[in-house]
Amino acid sequence: MVTSKIYVVNAVDLISSVQRLPKILAFPPIEARFATTICASSKEGNDIIANNLNGEEGDWGYSHDVYKSMNSALAPGLGLDGMNRTMIQTIAHAIDRLNPQNGRKTSIQLGEWTRHEITMATTSSAYGEHNPFKDSDVENAFWDFESGLIMIMMNRFPSLTARKAYHGRELVSKAFQRYFKAQHHKSGSMLVQGRYNTSMQHGVSVDDIARYEVGNSLAVLVNTAPAVFWTLFYIYSHPIALEECRTEVESIVSVTDKTNIVKRTVDITKAKQNCPLLTSTFQEVLRQRTLGTQVR
């Protein structure tokens, strides 16, 4: 966004103050511009978002209602449990596929493997069995879009200056259009169902809903996959840390043996308390390697 002013706050005490003033130093106007530039939504869709955007006239409007539905879906309960279960099962199956077959070792490119498996796990937990990202063309198109995001944000003839990213966005958007028109969101998560239903209640078109979903995919993927990669990279690059992390994880694993079938169960609810090194390593990766700058 070439014509915009950017104010950088890098003092911890001031950052806290900014975060406590959500109405004065507000994020929703940035979000609305994001939808226009990044998602290429229609004027009609942008007008719906802009209606009472910052809540000056009370707790109503598209932005308010979408956040309310998302907060409800992501609160502890059935919705969040279902997403976590799907994600964990998907990752478990991916790891199982790494088991040596016929005595042969499995070799992977860690960056590519991590990005693909985290993409599949995260999107499947949100979009269900008809997850558009199961189509490799859609998955690749999304990452083409992400890689050219800066040029898209510049908004200077993106179809020419960011052709690969531009066409990637359009392909993913069309995939989401087919997903929603086929009513596949009904077998998706409460999060996706809530966003869709709220959008429909406010008169947002399916085309714009699909385009907004491309932006939502950015939010859940662009830091998650790199964070997992760097966590694995740092731990496996330091043998002592690897051994200590393994010991921590063993403390939250229970083993049962029935009819010569060994079953190991990880109690992830104990991970934060029982795995301080693993947790702190992940937190340090988030601090050092992600793009999670707080924006207002």
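**Salt bridges and a helix face**

A: Glu170 forms a salt bridge with Arg211, with the closest N and O atoms 2.7 Å apart. A salt bridge here is a side-chain nitrogen of Lys or Arg within 4 Å of a carboxyl oxygen of Asp or Glu. This is a predicted model: local features need pLDDT of at least 70, side-chain atom pairs count only at pLDDT 80 or more, and totals for chains, interfaces and linings use all residues. Residues are numbered from 1 along each chain as its sequence is written, and side-chain values use heavy atoms, with hydrogens and water left out.

Q: Which helices do Glu170 and Arg211 lie in?

A: Glu170 lies in helix α10 (residues 163-181) and Arg211 in helix α12 (residues 206-221), so the pair ties together parts that are 41 residues apart in sequence. Helices are DSSP runs (H or I, at least four residues), numbered from the N terminus.

Q: Is Glu170 buried or exposed? And Arg211, buried or exposed?

A: Glu170 is buried, with a relative accessible area of 14%. Arg211 counts as buried at 11% relative accessibility. Buried means under 20% relative accessible area, exposed over 50%, and partly exposed in between (1.4 Å probe, protein chains only).

Q: How many salt bridges does the structure hold?

A: Nine. One of them links Asp47 and Lys43, with the closest N and O atoms 2.9 Å apart. Both lie in helix α3, four residues apart, about one turn of the helix. Asp47 is partly exposed at 42% relative accessible area, and Lys43 counts as exposed at 57%.

Q: New topic, helix α14. Which residues are buried there?

A: Leu242, Cys245 and Glu248. Seen down the axis of α14, its buried residues fall within an arc of 125 degrees, so they line one face of the helix. The arc is that of the directions from the helix axis to the C-beta atoms.

Q: What do the buried residues of α14 pack against?

A: They pack against α13 (224-236), α15 (271-274) and α16 (276-289). Contact means heavy atoms within 4.5 Å.

Q: And which exposed residues does the face turned away carry?

A: Pro239, Ile240 and Glu250.

Q: What about the span of α14?

A: α14 (residues 239-250) has 12 residues and should span 16 Å at 1.5 Å a residue; its end C-alpha atoms are 16 Å apart, which agrees. The expected span is 1.5 Å times one less than the number of residues.

Q: Backbone next. What is phi of Ala40?

A: Near 60 degrees, a positive value in a residue other than glycine. Ala40 sits in the loop between α2 (28-37) and α3 (43-50). Ala40 is partly exposed, at 27% relative accessible area.

Q: And Asn155, what is its phi?

A: Positive, about 55 degrees, although Asn155 is not a glycine. Asn155 lies in the loop between α8 (149-154) and α9 (158-161). Its relative accessible area is 40%, partly exposed.

Q: Last one, Ser63. What does Ser63 touch?

A: Pro28, Glu31 and Leu53, not counting residues up to four places away in sequence. Ser63 lies in helix α4 (residues 62-74). At 7% relative accessibility, Ser63 counts as buried.

Note on methods
Helices (H or I, at least four residues) and strands (E, at least two) are DSSP runs, numbered from the N terminus.
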